[in-house]
Amino acid sequence: MGWQLFSDSIKVSVTFTEEVRMAIFEGNQFDDRDFRRGAWHQTATTVAMVTTRDGDRENVMACEWAMIVTMNPMRFVVSVGPRHATHGLIEATGEFGLNFCSDQQARLSHVSGSYSFNDTNKWELADFPTYPAKTITAPMIEGCTVNAECKVISAQLLGDHTVFIGEAQWVRYDTELNPLLYRAGKYWYMGEQIPKD
Ligand SMILES: Cc1cc2nc3c(=O)[nH]c(=O)nc-3n(C[C@H](O)[C@H](O)[C@H](O)COP(=O)(O)O)c2cc1C
């Protein structure tokens, strides 16, 4: 059994069989928060904790929109909302630490992404195991899959986020850890490998 529903200009196509239910939403309703969130929730990412320090102001913030963008030189992108304290700290110092969470660090991600340095000392809410960086002043976090000490080489405001490109000055990685995955506002373990053919 299958049918199509039309609501405003969002076309909803729903197909039911006895065992499988599929729902496809499409349109250009970008002013509709639920439509935007629906698309976002269908993406899956890793999560990095962005660390910053300006004098005695030290912060950590969860960031799912973070990844390698070039290999040589090794550069990373982070997309940060301008109202976040982290944004001002990156702008003030021109550097940030990127600490990609392992699947043992969901709580650290949750705490660092649920409170702001603007009104809360996150370091007191969870036991973030820090170590000193070699090339930047921000602290780094132990137990991550990848740690990258980055200097900002570009910053561009793109709508509601600023995209910072950081060039890695020092990188450390642990091949025995698996990444924390994030989808639809929830954390997940990495699943089984899928054969290529
Ligand atoms: C798992 C997770 C991922 C997040 N990813 C991002 C992101 O990619 N970019 C962003 O600007 N905020 C992101 N956030 C929201 C910030 O981490 C959150 O607003 C935080 O409180 C900002 O902290 P700050 O004001 O101390 O910098 C994320 C939150 C969570 C929980």
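This is a short chat about a predicted model and some of its local features.

Biologist: Which way do strand 5 and strand 6 run?

Modeller: They run antiparallel, and seven bridges join them. Together they form a hairpin with two residues between them.

Biologist: What about glycine 55 in that turn?

Modeller: Glycine 55 has a positive phi of about 65°.

Biologist: How many bridges pair strand 5 with strand 9?

Modeller: Four, again in the antiparallel sense. Strand 9 covers residues 95-100.

Biologist: And what stands opposite threonine 51?

Modeller: In strand 6, valine 60 does. In strand 9, glycine 97 does.

Biologist: Switching to helix 3. Which of its residues are buried?

Modeller: Leu108, Ser109, Val111 and Ser112. They cover an arc of only 170° around the axis, which puts them on the same side of helix 3.

Biologist: What covers the buried residues of helix 3?

Modeller: The cover includes strand 5 (48-54) and strand 6 (57-63).

Biologist: Now the ligand. How many residues surround it?

Modeller: The count is 23. The closest are Trp65, His84, Thr86, Gly113 and Ser116.

Biologist: Which elements each supply at least two residues of that shell?

Modeller: Strand 6, strand 8, helix 2 (85-93) and helix 3.

Biologist: How does the shell divide into nonpolar, polar and charged?

Modeller: Ten residues are nonpolar, twelve are polar and one is charged.

Biologist: Changing topic: the backbone. Where is the cis peptide bond that involves proline 73?

Modeller: It joins asparagine 72 and proline 73, with omega about 5°. Proline 73 sits in the loop between strand 7 (66-70) and strand 8 (75-80).

Biologist: And what is phi of alanine 184?

Modeller: Near 55°, a positive value in a residue other than glycine. Most residues other than glycine have a negative phi, and most peptide bonds are trans.

Biologist: Where is alanine 184 found?

Modeller: In the loop between strand 14 (181-183) and strand 15 (186-188).

Biologist: Is alanine 184 buried or exposed?

Modeller: Exposed. Alanine 184 has 12 other C-beta atoms within 10 Å, and a residue counts as exposed at 12 or fewer.

Conventions
Residues are numbered from 1 along each chain as its sequence is written. This is a predicted model: local features need pLDDT of at least 70, side-chain atom pairs count only at pLDDT 80 or more; totals for chains, interfaces and linings use all residues. A residue is buried if 20 or more other C-beta atoms lie within 10 Å of its own, exposed if 12 or fewer, and partly exposed in between; C-beta atoms are placed from the backbone. The arc is that of the directions from the helix axis to the C-beta atoms. Two residues are in contact if their C-beta atoms, placed from the backbone, lie within 7 Å. A residue is near a molecule or strand if its C-beta atom, placed from the backbone, lies within 6 Å of it. Ala, Val, Leu, Ile, Met, Phe, Trp, Tyr, Cys and Pro count as nonpolar, Asp, Glu, Lys and Arg as charged, and the others, Gly among them, as polar. Two strands pair if DSSP finds at least two bridges between them.
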